[in-house]
Amino acid sequence: MSVASSIDLHAHSTASDGRLPPAELVERAAGAGVRVLALTDHDTLSGLPEALTAAGPLGMQLVAGVEISTLWERREIHVVGLGVDPADARLTDGLDWNQQLRRQRFAQMVERLEQKGGITGLGGVMEEEVAGQPGRLHLARHLVEHGWARTVQQAFDRYLRRGRAGYVRAEWMSLESAVSLIRAAGGIAVLAHPLAYKLTGAWMQRLLTAFTQAGGQGLEVVVGTADRRRVDQSLGYALRHGLLGSVGSDFHGPNPAGIEPGRLLPLPAAVAPVWAELSDCHGRPVSAAVDPGR
Ligand code: MN
Ligand code: MN
Ligand code: MN
């Protein structure tokens, strides 16, 4: 069973594909007992000011974060940057690149869903569904709301995952670029949800080797949906590659799966926690706020 964690280093708001505005996300996390939260929207830092304003009166420490979509060996791999300087121009320029790709890819996905997938009525989907950075999740929700699929997962499986009618591969920045941009902006680079890529053991070794060689420092050992067995598997990868352990719900808003901010298994004591070296938006270390029991 998951326990309430006082730290959650992966969450989304309406600045990308989350359902809650940054302030509501912060309030929900605080209500769940989270005292250190990283806002990690896809390829944007634009939700941070609102989140920071909301976090102050709640006594919550907000970590400036971002989840960057990257391309490695023709696969989409997500890298979370924690404790970045939001004003760093190289980082924001790099994110601009991904943001342009996002908009282009979204338009291409709509076109393909209509032409190859037989979906109709996607004309206003961008305006209706997307407040921040557009992504596949916006399309998936639209397909569910309009009866083309029963669940978001089914929408992905039928229309949006690799090999399906609506899938468009984007030429995201490279894994190496994302890691170096995060580090140059003073952040810690964490490989997000390692088991989500469904790699074989050999490919996982290659990915983790490439990531550490590029300067990657951490691995999400605990994610919102993970059971003990998956945590142990990820722990093994972190230990073998000398990576710090991170924890993150990847919360996108109220959901049937019951993912909530801070609803996480504890990080195993065998791995050094990424938060030992992490500071919040005001430059204060976050480690003191994390419960000894994590
Ligand atoms: Mn997302
Ligand atoms: Mn991700
Ligand atoms: Mn995410």
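Modeller: The manganese ion (ligand 3) and the manganese ion (ligand 1) are separated by 4.6 Å. Keep in mind that this is a predicted model, where local features need pLDDT of at least 70, side-chain atom pairs count only at pLDDT 80 or more, and totals for chains, interfaces and linings use all residues. Residues are numbered from 1 along each chain as its sequence is written, chains are lettered from A and ligands numbered from 1 in the order in which they are written, and side-chain values use heavy atoms, with hydrogens and water left out.

Colleague: Is His10 buried or exposed?

Modeller: Buried means under 20% relative accessible area, exposed over 50%, and partly exposed in between (1.4 Å probe, protein chains only). His10 is buried, at 0%, whereas Asp250 is partly exposed, at 21%.

Colleague: What does the side chain of Ser249 do with the backbone oxygen of His10?

Modeller: Think of a polar contact: a pair of N or O atoms within 3.5 Å; within protein, one must be able to donate a hydrogen and the other to accept it, and residues adjacent in sequence count only if both atoms are side-chain atoms. A polar atom of the Ser249 side chain lies 3.4 Å from the backbone oxygen of His10. The Ser249 side chain also has a polar atom 3.2 Å from the backbone nitrogen of Phe251. Ser249 itself is buried, at 2% relative accessibility.

Colleague: And how many salt bridges does the structure hold?

Modeller: Side chains of opposite charge can pair when their charged atoms come close. The cut-off for a salt bridge is a side-chain nitrogen of Lys or Arg within 4 Å of a carboxyl oxygen of Asp or Glu. The structure holds nine. One of them joins Arg102 and Asp43, at 2.8 Å from N to O. Arg102 is buried at 5%, and Asp43 is buried at 0%.

How values were computed. Donors = N, O, S within 2.8 Å, 3.2 Å for Na, K, Ca; no water.
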